[in-house]
Amino acid sequence: TVPLIGETCKVARTILGNVQKLAKKVDDVVTMGERVVDTLQLLDKMKGNFVRIGADNAVLGRWENLNTVLVDINEVIEGFGKKGWMKRAFALRKHHMALSKLDKRLGSELDSLIRFYNIERDARVLRDLEELKKPRDYPLEAAVEKRVQKYKQQHGSADDDPVAALQADEQ
């Protein structure tokens, strides 16, 4: 399972609640809200596969990084609801907290998560393939071979075709 999905959903729910409150005030928060919804839809699709393939620490680490970006996005969006938000918007530009920069970080973290997710999924497929490549046991063939070997031991190699002799005995 993916322990971070619940935390990610909580953060996203908070973001979307803030977007709803501020939608008429700042269009940019609506755009970011749409980006968050798109991200959640992708994560929801991946979550179903995690149940089947599992998630290693590298994948979970990327998920945590993504969650951190969502927390930062929420912090910026909440700031638009406070007094002096326009002044703060100019100040954010100097830092790495402008929505456009957070959007790029979100995209980068999604890309990283997907890459590690694909590596984990491919590793699982390769493990499954190795299992499929293992030869199977065929009891009837093994029993026939055992009888042929026993016949050879009992009659020596004088008989040119022990299989034909065994077939003749069976009829």
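Guide: Two residues are in contact, or touch, when they have heavy atoms within 4.5 Å of each other. With that in hand, threonine 39 touches Leu66, Leu106 and Leu110, when residues up to four places away in sequence are not counted. What you are looking at is a predicted model, in which local features need pLDDT of at least 70 and side-chain atom pairs count only at pLDDT 80 or more, while totals for chains, interfaces and linings use all residues. Residues are numbered from 1 along each chain as its sequence is written, and side-chain values use heavy atoms, with hydrogens and water left out.

The part to follow is helix 2, residues 27-53, where helices (H or I, at least four residues) and strands (E, at least two) are DSSP runs numbered from the N terminus. Threonine 39 has its place in this helix and is buried, with a relative accessible area of 2%; buried means under 20% relative accessible area, exposed over 50%, and partly exposed in between, with a 1.4 Å probe and protein chains only. Phenylalanine 50 also lies in helix 2 and is buried as well, because its relative accessible area is 1%. From phenylalanine 50 to glutamate 120, which is 70 residues away in sequence, the C-alpha to C-alpha distance is 9.6 Å.

Valine 37, again in helix 2, is by contrast partly exposed, at a relative accessible area of 31%. Its C-alpha atom is separated by 8.3 Å from that of leucine 16, 21 residues apart along the chain. Leucine 16 belongs to helix 1 and counts as partly exposed, with 28% relative accessibility. Neighbours within four places in sequence aside, leucine 16 is in contact with Gly33, Val36 and Val37. Leucine 16 and asparagine 74, though 58 residues apart in sequence, are 8.8 Å apart in space, C-alpha to C-alpha.

Isoleucine 77 touches, among others, Ile15, Val29, Met32 and Leu99, leaving out residues up to four places away in sequence.

Two of the other contributors also pack on each other. The axes of helix 3 (residues 57-79) and helix 5 (residues 99-133) come within 9 Å and cross at roughly 165 degrees, and therefore helix 3 is roughly antiparallel to helix 5. Axes are lines fitted to C-alpha atoms, for helices over the stretch in contact, with angles running from 0 to 180 degrees between N-to-C directions; under 35 degrees counts as roughly parallel, over 145 as roughly antiparallel, 65 to 115 as roughly perpendicular and the rest as oblique.

For the whole setting, the protein chain has 7 helices and 0 strands, and of its 171 residues 30% count as buried. Among contacts between residues at least 6 apart in sequence, 71% join residues at least 24 apart.
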